Amino acid sequence: MISLTFHQAVFYFFSAVIVIFSILTVTSRRILRAATYLLFVLLGTAAFYFLLNYTFMGAMQITLYAGGIVVLIIFSILLTSHVGDKFEPIGAGKLIVSLLISLFGAGFTLYVFLKTDFTPSSVGLPDASVRKIGNALLSYQRDGFVLPFEVVSLLLLAAIVGAIVIARKEPADNENLNNE
Amino acid sequence: MSFLMLFVLVPLLTVIAILFSKNIRQTRWIAALGMSLQLILSAVLVVMYLQIRAAGIADDFVMVKNLSWFPSLNFNLTLGVDGISVSLIALTSIVIFAGVFASWQMESLHREFFISLIVLASGVFGFFITIDLFAMFVFYELAVIPMYLLIGIWGTGPKEYSAMKLTLMLMAGSALIIVGLLGIYFHSAPEGGQLTMNLLEISRYKIPENVQNFLFPFLFVGFGILGALFPLHTWSPDGHASAPTAVSMLHAGVLMKLGSYGVFRIALFLLPQAAHNQGALFLILATIGIVYGALGAIMQKDLKYINAYSSVSHCALILFGLLMFNRSAIDGAILQMISHGIMTALFFALIGMIYGRTHTRMIHEMGGLLKVMPLLGAAYIIGGLASLGLPGFSGFVAEMLVFFGAFSHADTFHRIATVLAASSIVITAVYILRVVGIFLMGPIKDEHHRHLTDATWWEKLSVGTLLLFITLIGMFPSFVTETLIGNSLAPALERLMSNF
Amino acid sequence: MWQDISLQDVLIVSTLMFFSGVYGFLTRRNLITMLMSVELMLNAVNINFVAFNYFLHPENMQGMFFALFVVVIAAAEASVAIAIIIGIYRRFKSINIEDVSKMKF
Amino acid sequence: MNAFEYTFLIPFIPLLGFLLIIFNFKRFPKKLTAALATSLIGISFVLSVYTAWQYFIIMGPLHGVYPKIIGNHFEWLKLGEHLSVHMGTLIDQASVMMLIVVSTVSLMVHIYSIGYMHDDRGFNRFFAFLQLFSFSMLSLVIATNVFQIYIFWELVGVSSFLLIGFYYEKPSAVAASKKAFIVTRFADLFFLLGILLISFHTDTFDFISLTNPENFERFNLHGTTFLGLSIPALALILIFVGGAGKSAMFPLHIWLPDAMEGPSPVSALIHAATMVVAGVYLVARMFANYAIMAPEALALVGYVGAFTSLFAAVIATTQIDFKRVLAFSTISQIGYMMAALGVSGYGEEAGLGYMASMFHLFTHAMFKALLFLGAGAVIHAVHTNSIREMGGLRKYMKTTHITFLIATLAIAGFPGLSGFFSKDEIITAAHQSYPLVFYTLLVVAGLTAFYMFRLYFLVFWNTETHYHHKPHDPGKAMLIPLIILAVLSIVSGYIPFGEFVSSDGKPLHTHLHFDIAIISTLVSFVGIAIAWFLYKKSSDLTSHLIARWGTFYRWAYNKFYIDEVYLFITHNIIFAYISRPIAWFDRHVVDGTMNVIGWITVTTSEKIKGMQSGQLQQYAFAFVSAILVISAFLIYYLINN
């Protein structure tokens, strides 16, 4: 009888959630459902982070991913598709090849992971308090991340501008080009 | 600053001046001015050259000047001329001069047209004034590339196809040439000295015979493609047929000579032993080319195709003469370069002018044009007669020199080759007279042609210049064969003969 | 707590997640689902980062920070991607990837 | 140094005329052109006569031998170590004689043309070409070396081409000019090869050293050639082929009848009197070489000449085109001259044939030019070439009739006229050594008399046809040359020719050979009598005869189908089976190969381009597979090491 600690139980539950909904996400033929499944996967991931005590990370995962990106995706789905639309079934050849590639890749990666002898650290649990993270993000000392932080903020700005530029309504005189 | 640099600088300045021209009038006058200046410069160069020789300077090359270019590789822009390059420079300036006037009415994109044309010419000039192999190659490429634009943009018929074909085949030739040149470069200093691309310095040493044998085909075929070596001549009919008038003139008149000049200056001069070893093979190709080109011309229907095949035949005669390895044949071959250069330029100019009036080049759609445009017609007939080797015109002298040189080889192989090559004079007569008979003589076929006009002043100038030189050379050949070229053949002959 | 769950367990989950993302990217023809597949892959990678950080090098936090930045960048990427998708939709009236093959030669 | 330096002027004066006229041919009025051209050729004529007078009379033979004098010369082109081409004037017996012939006939033709071409649009062009021709021909005859001859040989060919094609809007004239040029050019190829060969072995072009028998020892003539011929024989045969082309020897005669498309004065000048005898002149020039170095080549010359003579005479009896009859007559007479050269030996009495040949060349030039000019006058008057549409013209064109009769009698060998003397010498020469040639020439003499009188009777007697305009004698410009030439045709026979022209330079004393003369005169009379009988009045006897000899007549009438053979060879074999396939081969095989190379490149690149499909998922496939494969390898490698 395998004894299951609470932690393990929770972990396996979320693992199952993640794996099942991952597969559902990529196999579902209704796009809105796929988005919903993705949301579950992301939430499962957040749960992982909580399990590992990375609470800030988990929070970010929920707000940015589950809250931000998925909503964005759903908006765009609503903008571009009809809710009832179903995808056409995938061609057998493509399906088989993709499946083979994915399974081979997964098998290969797992083989490597399981073969490798990871030596867990004995230092103890990491300190992932918000205070420490905040200090580290704005620190320019060793283990400080102020440079990537700034870079990322610039990147975000660029992304915002880029997104606006790309998505803005095009001038009318380009209409005829669109139909070529 | 060397006087020779002017030959590249004047065209470049002309190009810059054309950039600022406002309309076609200005463009063509600037071009005409620049090229007239170039013509005068080459006359000055001829005089200067003769004076230098008269002063008793017997160097292989005169007016030598070394300008550093890539010091790390010892690639230099070494200027220097001998009688052969001087006469070819003169040829180039004559042809480009006539070419500018022949394209007087180039309306579309005139600025770009004249710029490309003159850039091309400056490449040719550059090729002839340098004696550094690398610089020669660079100028060679400079001459080949504008050709693509000139044919592709201003051509007629399947111009993209022709331009592509021409450029690709010539580029293939360049690829072979650069291999050969690098091969020579890396064997230019057998005793471990500084590697060099300088023709004079390379010629001091003997490149090992096995290396020569390896490199010779690269250089001969590479330059041979441009010199219309059978069976790599096929770019020529299509290319010439599609190219605009001035380009055909310049290309057949001068660029094809770059090939034979390269064969002489580089392949034969630097690799004499290999030339002896492999000469027979290429001699066969050249002989085939002579007869084949001439026979191919008989059945053509398009004026430009006829002339293109005729060029194949005549250019093969150049290679034929060069491969005879003796004075009179090589002398004749070089005279043939000049003679054919002017002659074929004349033909292409006339064909362009006739085409501009009749809008067809198909000989069977024309007839009796001599009555309508006596000057152009007569010029065509004179050109034709010159082309078939009539005494009094340059072609005759060149052919005779080549045949005499060739005949001094007493073995059966050379004799048969000579007889075959000589038979081309009959075949040439057949196709020339056939064409003249069909489209110039006889009754007028197309009533629309009855009201066509004869030559305009610029056409007269263009055609007249070319005719003048054909006749002058034909009447006084010794000036070219002896005074200009004569002394300059010695170094190459010495190297070629020393193997016997 | 870490004695309960082994690193390998987490890695198995993330690997399966990653390759379902790959599978989705290869098979789905809808641009948005492809984007979602990409998000799946990113997530799997994030989990790996965090897991490695947690199990192997708890003394410093690079893994977590990396994952953090990935999340941020993923957000940026998603917003741009969706902008592009909407642009494509406007132009082609479709977000089927096979209709959007202008970007060739 | 010598008294003949001015001789270069003789050809150069017409050249000047050519240049003047051709550069002003739109500006000059007809009168100016005519006056200019005629007076210039007149000066040349005077100079030629002066040269002859100075050479033959004032100077005379030196130690019993006429010297060969270089008037002036300069090096034109260096061909090799030892060889160079000179341009200059060589004054010796043959060249002075030819100067007289060419300048006389040329002057006559110039004067005649003023009348004949009077209404033609191309008047100036015509005179320019005449001047060009005179220049080339005069330069040819006084050439110092064989290469100079070749150069002007080509130039006379071109002048002939231009003049035959003078009416360039007439397709037949264009075709004829083309044919003439190409056939002679073909022969010139052999001439050139002969020159190459002989100069290679003798290291000289110069006639003086080349033909001097004392030099023959020094020439390096050893070596093998094909067919077992000796080198000089081969070279001289090749040169003879060149001469045969110009002189219309069988089988290269086909161009001459067609050349009659040119204006009549041209036919008289070029295709009767001067250019066509250039071949004879060439062989005569190198006669010492033929006679001493390669007698077999000379024999060939003789047989070809005799055969051509007979062959052309037979054809001439059947032709109905006025000028074509004369053309075949010309071929036949040139054959005579060639045969005379062929039967001759070198020096002294043996050289009778040579002298006879030159003599006949001289007299023939006069009467044949007269015949053609007369023909021109007739054609001018009746506007047709067909002798069937003529007849009874003696009443309308009295002067023409009489001069034509004189010429006809001269060519037929009527005693007392020039042709009689020269022909007699030829037949005598043949009689001495070559019986076959002798009998042939005798038969030809009879045939000549027959066909010439057939022509004469058909044109001037016979039934009178109905003429639209009443024919009349031409104007003075045309009549005067006729009369002068008629006088020359009579008197030139009385020149003691052997005194002036002989094979080795020593004067040759000749006399009439009565036995031979009687035979040949009888033969001629037979010919004349038959012609009289058949053609003086129209009779149906001729058609009976034609019917009897049907096949043969048809063959002869069609010139034995030689033209058709050539046409077949050129068009059906060379054009169709060589040239066209080559054009095809070039387009499809040689060029095709290039295109296939291009096609392979393009196709390959198309395939590669196909991978770049724009299909994102294909890229992803490639990407993922590649990543997997690469990492698999990497891992495998890491594990194994």
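Two residues are in contact here if their C-beta atoms, placed from the backbone, lie within 7 Å. What is on screen is a predicted model, in which local features need pLDDT of at least 70, side-chain atom pairs count only at pLDDT 80 or more, and totals for chains, interfaces and linings use all residues. Residues are numbered from 1 along each chain as its sequence is written, while chains are lettered from A and ligands numbered from 1 in the order in which they are written.

**Stop 1: chain C**

Stay on chain C and switch to a cartoon view. Chain C has three helices and zero strands, in the order α-α-α along the sequence. The radius of gyration of chain C is 17 Å, well over the 13 Å that the globule rule gives for 105 residues, so chain C is more spread out than a compact globule. That radius is taken over C-alpha atoms, and the globule rule is 2.2 Å times the number of residues to the power 0.38. Helices (H or I, at least four residues) and strands (E, at least two) are DSSP runs, numbered from the N terminus. Along the principal axes, the C-alpha atoms of chain C fill a box of roughly 55 × 25 × 25 Å.

Of the 105 residues in chain C, 58% count as buried. A residue is buried if 20 or more other C-beta atoms lie within 10 Å of its own, exposed if 12 or fewer, and partly exposed in between, with C-beta atoms placed from the backbone.

The average for chain C is 84, and 92% of the residues score at least 70. Among the elements of chain C, α1(C) has the highest mean pLDDT (90) and α3(C) the lowest (86).

Select α3(C) next. Its 31 residues should span 45 Å at 1.5 Å a residue, and its end C-alpha atoms are 43 Å apart, which agrees. The expected span is 1.5 Å times one less than the number of residues in the helix. Just after α3(C), pick C:K93, which takes a positive phi of about 55°.

**Stop 2: where chain C meets chain A**

Among the four pairs of chains that touch, chains A and C have the most contacts between them. Which elements of chain C give two or more residues to the side that touches chain A? In this contact, 63 residues of chain C meet 71 residues of chain A. The elements in question are α1 (7–27), α2 (31–55) and α3 (62–92) of chain C. The largest share of that side, 23 residues, comes from α3(C). By type, the side of chain C that touches chain A divides into 43 nonpolar, 14 polar and six charged residues. Ala, Val, Leu, Ile, Met, Phe, Trp, Tyr, Cys and Pro count as nonpolar, Asp, Glu, Lys and Arg as charged, and the others, Gly among them, as polar.

**Stop 3: chain B**

Chain B and chain C have no contact, and their closest C-alpha atoms lie 20 Å apart. Chain A and chain B do not touch either, with 26 Å between their nearest C-alpha atoms.

Within chain B there are 20 helices and two strands. A compact globule of 500 residues would have a radius of gyration near 23 Å, and chain B agrees with 21 Å. The C-alpha atoms of chain B fill a box of roughly 75 × 60 × 45 Å along the principal axes. Of its 500 residues, 63% count as buried. Among contacts in chain B between residues at least 6 apart in sequence, 80% join residues at least 24 apart.

Select residues 83–102 of chain B, which form helix α3; it has 20 residues and reaches 28 Å from its first C-alpha to its last, close to the 28 Å expected. Is α3(B) enclosed or open? Of its 20 residues, 20 are buried, so α3(B) is largely enclosed by the rest of the structure.

**Stop 4: chain D**

Move to chain D, where the mean pLDDT is 82 and 96% of residues reach 70 or more. The domain assignment, automatic or from a database, gives domain 1 (5–557) and domain 2 (564–640) of chain D. Taken over C-alpha atoms, the centres of domain 1 and domain 2 of chain D are separated by 64 Å.

Finish on D:V283, in helix α11 (residues 278–285) of chain D. D:V283 counts as buried, with 28 C-beta neighbours inside 10 Å. Beyond its neighbours within four places in sequence, D:V283 is in contact with D:F240, D:G243, D:Y290, D:V301 and D:L341. The C-alpha atoms of D:V283 and D:V301 are separated by 8.7 Å, and the two residues are 18 apart along the chain.

Definitions and conventions: pLDDT is the predictor's confidence in each residue, from 0 to 100.
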